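Here is a short briefing for a first look at this structure. Keep the sequence and the 3D view side by side as you read.

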Protein chains: 2
Amino acid sequence: MFTGDLLIGAKAVHGTNGEIYGLDAATGERLPTSFGGATKADLEAAAALAWQAFPLYRETTLEARAAFLETIAEEILAVGDALIQRAMAESGLPRGRLEGERGRTVGQLRLFAAEVRAGRFQDLRFDAADPERKPAPKPDLRLRNIAIGPVAVFGASNFPLAFSVAGGDTASALAAGCPVIVKAHSAHPGTSALVGRAVQKAVAASGMPEGTFSMLYDSGLEIGQALVADPRIRAVGFTGSRAGGLALMDIAARRKQPIPVYAEMSSINPVLLFPHALAARGQAIGKAFAGSLTLGAGQFCTNPGLLLAVDGPGLQSFLDAAGEALSAIPAQTMLTAGISKAYATNRAKLAEHEAVSLVAEGLGGNASQGRAALFVTSAAQFLADHALQDEVFGATGLVVRCADLRELEQVLDALEGQLTIALHIDEADEADARRLLPTLELLAGRILVNGFGTGVEVSPAMVHGGPYPATSDGRTTSVGTRAIERFLRPVSYQDLPESLRPAPIK
Amino acid sequence: MFTGDLLIGAKAVHGTNGEIYGLDAATGERLPTSFGGATKADLEAAAALAWQAFPLYRETTLEARAAFLETIAEEILAVGDALIQRAMAESGLPRGRLEGERGRTVGQLRLFAAEVRAGRFQDLRFDAADPERKPAPKPDLRLRNIAIGPVAVFGASNFPLAFSVAGGDTASALAAGCPVIVKAHSAHPGTSALVGRAVQKAVAASGMPEGTFSMLYDSGLEIGQALVADPRIRAVGFTGSRAGGLALMDIAARRKQPIPVYAEMSSINPVLLFPHALAARGQAIGKAFAGSLTLGAGQFCTNPGLLLAVDGPGLQSFLDAAGEALSAIPAQTMLTAGISKAYATNRAKLAEHEAVSLVAEGLGGNASQGRAALFVTSAAQFLADHALQDEVFGATGLVVRCADLRELEQVLDALEGQLTIALHIDEADEADARRLLPTLELLAGRILVNGFGTGVEVSPAMVHGGPYPATSDGRTTSVGTRAIERFLRPVSYQDLPESLRPAPIK
């Protein structure tokens, strides 16, 4: 099924820098196959191939590149159920979720294929010459976006398919014309192997230069860091912890030639509960919230971890309903033992916090499982301790009880940048919500009404981004077609004779 | 004519943190009026006003904002010849150049007005809802770009009009919907005062919120640095030295919320002289080069400071012609005494460098004037000393004699990022030039043929940017309509009821 090899261009090479094993997320037991960690020499080989591939790959025709992305999608589907089974074992995520995630991954590749074919991302511009213009003749100027260079993509723990080897970052970088070197996440090496092989096959089948794609395992942090420092790497895509993202940003900024790091790091995705909505349907919102909070064991970047609610009987209905729903929700296997342990620790910290009370918790489980929980605090107490804004990665939410909308606004003003902000409103809340909108726009990349941020549409109008520290660069998105912009830069061509012009600006 | 005051919103306040005087660039004598440096309290007042103005200003209609930009242009023209006279005195630049620069400044404002009216920069996107979609209904998603927030603009020494108070950075930030706080360049406080008053008048006449524009003088570095550190500032535009740009980037990166710094820092704008072009018209190219090198005393970001030439009789014709032309060129008054002194020092360093020989120099002048010079070295010697890549700000060029195109390519591979690269080619050189193009695209933001980079068209297809260290962010341009993108970020709106939707996405 797989060999545990690094994929370096067209080759498969067993790494000799330590061993990585896929672990069954539920039991902690080793799964078949040992994966060899990459050495510096392996990284050098992959980077050299990527650099060789770059001038060829970035000038492939739009049609050839689009077809290549579609071939990757087909090759992933061709792996069949083995992919789902291995991903289930390595991630502890259920079949339905992973089948959906595979659909999303394949759909994403096809969406970028369509985006490449449409060609708008090139932003072709033509300013005609005017030799007669006074005082100086006007030159012929043509602009196009070109690919930025080879991109390092770090697989995410929480999306073993949709944000890993052939996930959003890889799809958008390849669409832009950038070769990709993936650092596979060590929590799902087997899933990565299966997808990596699918991409490698697609490279060969599509006649792309072999260095278009490589995939490395890293038994520590060394190879990932060296990848970001490599002068041939020109951008980085990362989804993970704030500490991890900041470390990569730091390496990238200290290079001789600094490069952009697109890190999606942490967000607690505030949910604003307005008084009329709470009064009218506090119960229904509470029940729906419990479902969103515990989806995928709460391991989504868009998980609703913070609720700002105007106090009153409606809030009590909300808390009662959310609490009742939560109490019946079984503990769920988390992605890794480390994540499960960190979740238990951070959840316990909240539970022991003197300013915080437990509303309800889910059913208990074993050490690899996360138990859902909902806590409540007051606005004053929330404002007094900045640590209450820290993300608890998992199915834990904190309700901030606000006396009125004015106090809710004070809490809003103290928040850091977020991926999403959700508003629950009734018609009678709309005027207040409208007034808050300008504040919300500065806080988040996506604003949504009467829903929750989980479930991120892959489409042209999606923004999965947001001001720092939600991401390292709030001017971009990592989901949706605009993600391609992150891997492009504009070049202007002045008075080039026809024979010198690259095809798109001829 | 002017009072020497800071412009803080609608007010004029005399700063009490030191005094700044405009100096006659030619004589070093103090010009009338003392300008008071801003205190921290002045900065606080300007930042508070900008933050207040922001939610209002960014939601002005496209028509109102466009008309405002046009009013600024009219108010600048209404200052009349006093502006040209003061700018001539403060910068030492001749009337023709400054009249041209005023035209460019006004044209730039009008171009951005047209760009605002066209509205494309908003990138409005609509993904229709589909409540019937399985497995999950599709939400209504709408995207628009919003203004990033108040922007700090640092006036440039070398463009007292086109890249200062109401220059490119200010025009593009205002066009995007961002209030602007200008840190006036201390080399042209009077010019800044006249333009600043024109903008202030336009703000009032157009009914914009007063915090839309403020202008501060800084008697040291403290206020400029505090401006970049201020949490209400969300982006920085800067044109100047590499040391200055790096210092601002460092402050911006260490903020609690890091912000983008768009710094245009240094470039030596390589000119590649191909063998057939040299053989056919080495003399003509040499003469034209001397003109470009000495334009504006060589004080352009796009000044051709480095020539990579294939050796042969053609190169000798080039050197002879360029030398002959240079020898007749009078020394020119430089922008400031500091710039003139730095130029003399850096020029002397080159002259004394053992690997470098003088080809020719211009006529001598006084201490405030720069004397043009052309030097030559070999490829091997150039490659052996990285300091030979340092920008000499002024009319000095260095020719690197390459044995053949292969050696020229080796030199290219050692170069840092540039704003422009110019190629001089004949038809017989085109195949070789075509082969080099992919390398050139990665090195520079603009590639031009049979011309020089001086003379930067303000138009949709212009890129005045380039890989680090030419700029801090090679994904953007500071000239041309795409400059507006630097001050925008996307926001996605999901399932908002009509009453909540901002006007553009209704």
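Strand S11 (residues 261–264) of chain A is covered on both faces. A:Val261 and A:Ala263 are buried on one side, and A:Tyr262 and A:Glu264 are buried on the other. Buried here means that 20 or more other C-beta atoms lie within 10 Å of the residue's own; exposed means 12 or fewer, partly exposed is in between, and C-beta atoms are placed from the backbone. Strands (E, at least two residues) and helices (H or I, at least four) are DSSP runs, numbered from the N terminus.

This is a predicted model, in which local features need pLDDT of at least 70, side-chain atom pairs count only at pLDDT 80 or more, and totals for chains, interfaces and linings use all residues. Residues are numbered from 1 along each chain as its sequence is written, while chains are lettered from A and ligands numbered from 1 in the order in which they are written.

**Around S11 of chain A**
- Strand S10 (residues 235–239) of chain A pairs with S11(A) in the parallel sense, over four bridges. Pairing requires that DSSP finds at least two bridges between the strands.
- A:Phe238 stands opposite A:Ala263 of S11(A).
- S10(A), helix H8 (residues 242–253) and S11(A) form a right-handed β-α-β unit. Right-handed means that, with the strands pointing away from the viewer, the path from the first strand over the helix to the second runs clockwise.
- Helix H7 (residues 222–229) of chain A has buried residues A:Ile223, A:Gly224, A:Ala226, A:Leu227 and A:Val228.
- Those buried residues of H7(A) pack against several elements of chain A, among them S10 and H8.

**How the two chains relate**
- A rotation of 180° with 0.0 Å of shift along its axis superposes chain A on chain B, with RMSD 0.0 Å. That is the relation of a two-fold axis. The superposition is by least squares on the C-alpha atoms of residues with pLDDT of at least 70 in both copies.
- A:Ala253 comes closest to the axis of the residues of chain A, at 4.6 Å (C-alpha).

**The interface**
- Chain A gives 51 residues to the contact, and chain B gives 51 residues. Two residues are in contact if their C-beta atoms, placed from the backbone, lie within 7 Å.
- The side of chain A that touches chain B divides into 27 nonpolar, 11 polar and 13 charged residues. Nonpolar covers Ala, Val, Leu, Ile, Met, Phe, Trp, Tyr, Cys and Pro; charged covers Asp, Glu, Lys and Arg; the others, Gly among them, are polar.
- The copies meet through the same surface, because 100% of the interface residues of chain A are also interface residues in chain B.
- S21(A) pairs with strand S20 (residues 444–449) of chain B in the parallel sense, over three bridges. A:Gln494 stands opposite B:Leu448 in S20(B).

**Residues to look at**
- The peptide bond from A:Lys134 to A:Pro135 is cis, with omega near 0°. A:Pro135 is in the loop between S5 and S6 of chain A.
- A:Ala297 has phi near 60°, a positive value in a residue other than glycine. A:Ala297 counts as buried, with 29 C-beta neighbours inside 10 Å.
- B:Thr33, in strand S4 (residues 30–36) of chain B, has phi near 85°.

**Confidence**
- Chain A averages a pLDDT of 97, and 100% of the residues score at least 70. pLDDT is the predictor's confidence in each residue, from 0 to 100.
- The model scores ipTM 0.97 and pTM 0.97.
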